[in-house]
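Q: I'd like to learn how to read a protein structure, one feature at a time. Please take me through this one.

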Amino acid sequence: MAEAAVAFAGRFPSWREAEPEALAAFGTATAALWNEIADEAEAPWKRDMALHAKALAHALG
C-alpha cells in the first residue's frame, strides 16, 4: 500500500523533484506523529494509521 501511495504522489512535480532526504524526513515525521496519536488515545484505526505511516517511512527511507 505504501508503494502505491508513493507511486501516486510521483505524479506531482513537487514530489518528483523533492530531494530523497526530504522525502525520508517526511516519512519519519509522519510515522512519529501517528505513533504519538495512537499512543495517546488507543483506537484500532489510529494504530492502523501508525502502522501505515511506518510502512510509508520505510518505503521513503
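## Reading the helices and the pocket

Q: Which residues are exposed on the other side of α4?

A: Pro44, Leu51, Lys54 and His58 are the exposed ones there. Keep in mind, as we go, that this is a predicted model.

Q: And which residues in α4 are buried?

A: A residue counts as buried when its relative accessible area is under 20%. In α4 that gives you Lys46, Ala50, Ala53, Leu56, Ala57 and Leu60. Look down the axis of α4 and these buried residues fall within an arc of 120°, so they line one face of the helix.

Q: Let's zoom out. How many helices and strands does the protein have?

A: There are four helices and zero strands. Reading along the sequence, you get the pattern α-α-α-α. The C-alpha trace spans about 35 × 20 × 15 Å along its principal axes, and buried residues make up 25% of the 61 residues.

Q: Which residues of α3 are buried?

A: The buried residues of α3 are Leu23, Ala24, Gly27, Thr30, Ala31, Trp34 and Ala38. They cover an arc of only 125° around the axis, which puts them on the same side of α3. On the face turned away from that buried side you'll find the exposed residues Glu21, Thr28, Asp39 and Glu40. For the length check, α3 has 21 residues and reaches 30 Å, close to the 30 Å expected at 1.5 Å a residue.

Q: Alanine 38: why does it count as buried?

A: Just check its number against the cut-off. Alanine 38 has 2% relative accessibility, so it counts as buried. Alanine 31 is buried too, with a relative accessible area of 8%.

Q: How far apart in space are alanine 38 and alanine 50?

A: Always ask about sequence and space separately. Alanine 38 and alanine 50 are 12 residues apart in sequence, and 6.7 Å apart in space, C-alpha to C-alpha.

Q: What about threonine 30: buried or exposed?

A: Threonine 30 sits in helix α3, residues 20–40. Its relative accessibility is 17%, so it counts as buried. A polar atom of its side chain lies 2.8 Å from the backbone oxygen of phenylalanine 26. Between the C-alpha atoms of threonine 30 and glycine 10, which are 20 residues apart along the chain, the separation is 18 Å.

Q: Which residues line the largest pocket?

A: The largest pocket holds about 170 Å³ of space. Its lining is Met1, Ala2, Ala5, Thr30, Trp34, Met49, His52, Ala53, Ala55 and Leu56. The elements giving two or more residues to that lining are α1 (2–9), α3 and α4 (44–60). α4 gives the largest share, five residues.

Q: How many residues of that lining are nonpolar, polar and charged?

A: Sort them by type and you get eight nonpolar, two polar and no charged.

Note on methods:
Residues numbered from 1 in each chain as written. Predicted model: local features only at pLDDT ≥ 70, side-chain atom pairs only at ≥ 80, totals over all residues. Heavy atoms only, no water. Buried < 20%, exposed > 50% of the residue type's maximum accessible area, 1.4 Å probe, protein only. Polar contact = N/O pair within 3.5 Å; in protein donor to acceptor, adjacent residues only side chain to side chain. 1 Å grid on protein atoms, 1.4 Å probe; cavity = no way out; pocket = protein on both sides within 12 Å on 5 of 7 lines; lining within 4 Å. Points joined across faces, edges and corners; volume = space filled by probe spheres on them. Nonpolar A, V, L, I, M, F, W, Y, C, P; charged D, E, K, R; others polar. Expected span 1.5 Å × (residues − 1). Arc of directions from axis to C-beta.
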